[in-house]
Amino acid sequence: MAETMFLFWGSGSPPCWRIMIALEEKKLQGYKQKLLSFEKMEHKSSEIMAINPRGQLPCFRHGDTILNESFGACLYLENQFKSQGTQLIPDTGDEQALVYQRMHEVLTLHEKLAAVTFYNWRFPENERHDSAVERNKKALKEELMLWERYFEKLGPGSYIAGKNFTMADVMLFPQVAFAVRFGLSTDKYPKLMEYYMKVKERPSIQASWPPHWKESPPTLDVLKDV
């Protein structure tokens with residue numbers, strides 16, 4: 001089935017990475033793919049705009065089915081290939097509810113991370129304000145401490161929704177890795193770092209690790225004082 005799948009993606013993009021992790025976990029290796037450059041604005045090309053009028057990545061196609069939102073694509077893969085590879089959504093009500101809760105909370109983390117890391121990119125210099133930067137950093141710190149407390153309650157060695165790797169981790173890990181890449185302190189958030197170190201060794205993560213992260217060490221430290 002993987003040979004009928006095609007993924008347009010960008011290196012280091014958490015939404016793209018989510019789908020790649022899900023594909024690995026569901027044993028769907030061998031799908032067709034095309035790596036595009038954000039710097040060259042290839043995600044705004046006519047090829048992508050024809051599939052996704054928002055001009056965003058990822059763009060995922062399975063046969064005639066097109067999914068451009070990572071949450072939708074990952075849930076689609078789980079539902080279509082439920083008995084294959086890792087079960088990412090539990091069957092029991094309480095466990096399933098927690099997975100859905102945490103995976104959707106990741107959207108807030110994604111938004112608050114982007115507000116800090118992409119601030120200078122989003123706003124021209126004459127529209128930037130130190131007060132906005134500090135406000136965004138404060139909001140992100142509060143958000144990160146919320147996740148830190150989640151892991152404290154779960155105990156050592158846990159994934160974000162319990163003892164098993166689930167769809168919540170498919171969504172969360174790329175955000176945590178992105179934060180580490182941008183200089184997040186390893187001392188302020190020990191439980192998050194413990195989680196990061198544990199999950200980064202998972203085969204699906206290693207197989208889908210952003211190639212440009214492998215080629216070059218992190219050079220940005222915008223999150224060092226968060």
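1. A search of the whole structure, which is a predicted model, finds 10 salt bridges, a salt bridge being a side-chain nitrogen of Lys or Arg within 4 Å of a carboxyl oxygen of Asp or Glu. As it is a predicted model, local features need pLDDT of at least 70 and side-chain atom pairs count only at pLDDT 80 or more, while totals for chains, interfaces and linings use all residues. Residues are numbered from 1 along each chain as its sequence is written, and side-chain values use heavy atoms, with hydrogens and water left out.

2. One of the salt bridges joins the side chains of Lys26 and Glu78, at 2.9 Å from N to O. Lys26 lies in the loop between H1 and E2 and Glu78 in helix H3 (residues 70–80), so the pair ties together parts that are 52 residues apart in sequence; helices (H or I, at least four residues) and strands (E, at least two) are DSSP runs, numbered from the N terminus. Lys26 counts as buried at 0% relative accessibility, and Glu78 counts as buried at 1%, where buried means under 20% relative accessible area, exposed over 50% and partly exposed in between (1.4 Å probe, protein chains only).

3. Glu143 and Lys112 form another salt bridge, with their closest N and O atoms 3.6 Å apart. Because Glu143 belongs to helix H6 and Lys112 to helix H4 (residues 93–117), this pair ties together parts that are 31 residues apart in sequence. Glu143 is buried, with a relative accessible area of 6%, whereas Lys112 counts as partly exposed at 26%.

4. Where in the chain do Lys138 and Glu142 lie? Both are in helix H6, four residues apart, about one turn of the helix, and their side chains meet in a salt bridge of 2.7 Å, N to O. Lys138 counts as exposed at 54% relative accessibility, and Glu142 as partly exposed at 45%.

5. Four strands form an open sheet of mixed pairing, in the order E2-E1-E3-E4, two strands being paired if DSSP finds at least two bridges between them. Strand E2 (32–36) and strand E4 (65–67) stand at the edges with a single partner strand each, so one side of each is left without a neighbour in the sheet. Strand E1 (residues 5–10) pairs with E2 in the parallel sense over five bridges, and Lys34 in E2 is the bridge partner of Phe8.

6. In helix H8 (residues 190–199), the buried residues are Leu192, Met193, Tyr195, Tyr196 and Val199. Seen down the axis of H8, these buried residues fall within an arc of 160° (taken from the directions from the helix axis to the C-beta atoms), so they line one face of the helix.

7. The structure holds 13 aromatic pairs, for which rings of Phe, Tyr and Trp (its six-membered ring) must have centres within 6.5 Å, with planes under 30 degrees apart counted as stacked, over 60 as edge-to-face and the rest as tilted. Trp17 and Trp213 form an edge-to-face pair, 5.5 Å centre to centre with 90° between the planes. This pair links distant parts of the chain, with Trp17 in helix H1 and Trp213 in helix H10 (residues 211–215), 196 residues apart. Trp17 and Trp213 are both buried, and one aromatic cluster is formed by Trp17, Phe151, Phe173, Tyr195, Tyr196, Trp209 and Trp213.
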